[in-house]
Amino acid sequence: MADSAQKDVKPAYTPQTEPIPDDGKPFVPALLVIDMQNDFVYGSLAVPGASNIINRVNQLIDLPFTTKVATRDYHPDNHVSFAKTHQQEPFSRIIIYHPDDRDELKGLEQVLWPVHCVANTVGADFVPGLTQTMFEKTIFKGTHRKVESYSAFRDAWARDESELPGHLAEHGITDVFCVGLAGDFCVKYTALDAVDYGYRTWVVVDCVKSISQDEVAWDKLKNAGVHFTTSEFVKKRIA
Ligand SMILES: [Zn+2]
């Protein structure tokens, strides 16, 4: 489908955005490009309006961030997050447990998704048109059959870290900028973890699309201390 054929979706609510201050404090920015993959743009779990952010995301990828990291959702075909795995309807919910949690003490509510981003399929590839050559690292998420991972930092139970925390620490990063898909799942949980790990955290709102168009995810992020900005502000600060 051509970009122009996909209808843009205006969110029902856009959080207040702010410029990135240039106050003389250390500023070592990282760009996290979350799950810009075929299945989330055109495929089985297409996020409304997703193709409309590709060009703006590319403009940020062209900027001199200290590091640029991509994530890819990358599941086995019987992943715990798939409705089909449980013979349930997509978008129903169940409680899942970490495979090492033998006493089932810490259940998490899991939305059951259509099959998406299966490893080694076109659906899991980066979306065509995305500039892929500038990523210093790619983080693969949800690769274990029984473990879900929305965040780029760690799995849903916060048991196992990805390579991202170490990578950001190695570069002395101060500010993390999150763009991509979906705003109310993988972008949201990545941004919440970025705050948890001590980074000043920015969601670039015109470079994100969400599955739901309501404001719930944004409010949760705002309350956690995430800042909202726009690609125009980012371009002014990181030039
Ligand atoms: Zn997934």
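In this predicted model, L181 stands opposite K209, a residue of β7. The two strands β6 and β7 run parallel and are joined by six bridges. Strand β7 is mostly covered, with seven of its ten residues buried. A182 itself is found in the loop between β6 and α4.

The pair β6 and β7 can now be placed in the sheet around it. Six strands form an open sheet in the order β5-β2-β1-β6-β7-β8, and their pairing is parallel. The edges are taken by β5 (137-141) and β8 (227-229); each has a single partner strand, so one side of each is left without a neighbour in the sheet. From one strand to the next, the twist averages 25°. Strands of a sheet pair through backbone hydrogen bonds, in either a parallel or an antiparallel manner. Further along the order, β1 and β2 run parallel and are joined by five bridges. Here I34 stands opposite T71 of β2.

Helix α2 packs on this sheet, where it touches β1, β2, β6 and β7, and its direction makes about 145° with that of β7. Which residues of α2 (residues 54-61) are buried? They are V57, L60 and I61. Seen down the axis of α2, these buried residues fall within an arc of 105°, so they line one face of the helix. Their packing partners are β1 (29-34), β2 (67-73), β6 (175-181), β7 (200-209) and α6 (231-237).

Helix α4 gives another view of the packing. It is mostly covered, as nine of its eleven residues are buried. The buried residues of α4 are C186, V187, K188, Y189, T190, A191, L192, D193 and A194. They pack against β1, β6 and β7, and also against helix α5. Just after α4 comes G198, which takes a positive phi of about 95°.

At their contact, K188, A191, L192 and V195 of α4 meet A217, L221 and A224 of α5. By class, this contact of α4 with α5 has six nonpolar residues, no polar residues and one charged residue.

The buried residues of α5 are A217, W218 and L221. Around the axis they cover an arc of only 100°, which puts them on the same side of α5. What covers the buried residues of α5 includes α4 and β7. Turned away from this buried side, the other face of α5 carries the exposed residues V216, D219 and N223. Just after α5, G225 takes a positive phi of about 105°.

In the loop between β7 and α5 lies S212. With 15 C-beta neighbours inside 10 Å, S212 counts as partly exposed. S212 and F185 are 27 residues apart in sequence, and their C-alpha atoms are 9.7 Å apart in space.

Most residues other than glycine have a negative phi, and most peptide bonds are trans. D35 has a phi near 50°, a positive value in a residue other than glycine. It lies in the loop between β1 and α1 (38-41). F91 likewise is not a glycine, and its phi is positive at about 75°. The place of F91 is in the loop between β2 and β3 (93-96). Are D35 and F91 buried or exposed? D35 is buried, with 30 other C-beta atoms within 10 Å. F91 is exposed, with 11 other C-beta atoms within 10 Å.

Key. Residues are numbered from 1 along each chain as its sequence is written. This is a predicted model: local features need pLDDT of at least 70, side-chain atom pairs count only at pLDDT 80 or more; totals for chains, interfaces and linings use all residues. Two residues are in contact if their C-beta atoms, placed from the backbone, lie within 7 Å. Helices (H or I, at least four residues) and strands (E, at least two) are DSSP runs, numbered from the N terminus. Ala, Val, Leu, Ile, Met, Phe, Trp, Tyr, Cys and Pro count as nonpolar, Asp, Glu, Lys and Arg as charged, and the others, Gly among them, as polar. A residue is buried if 20 or more other C-beta atoms lie within 10 Å of its own, exposed if 12 or fewer, and partly exposed in between; C-beta atoms are placed from the backbone. The arc is that of the directions from the helix axis to the C-beta atoms. Two strands pair if DSSP finds at least two bridges between them. Axes are lines fitted to C-alpha atoms, for helices over the stretch in contact, and angles run from 0 to 180 degrees between N-to-C directions.
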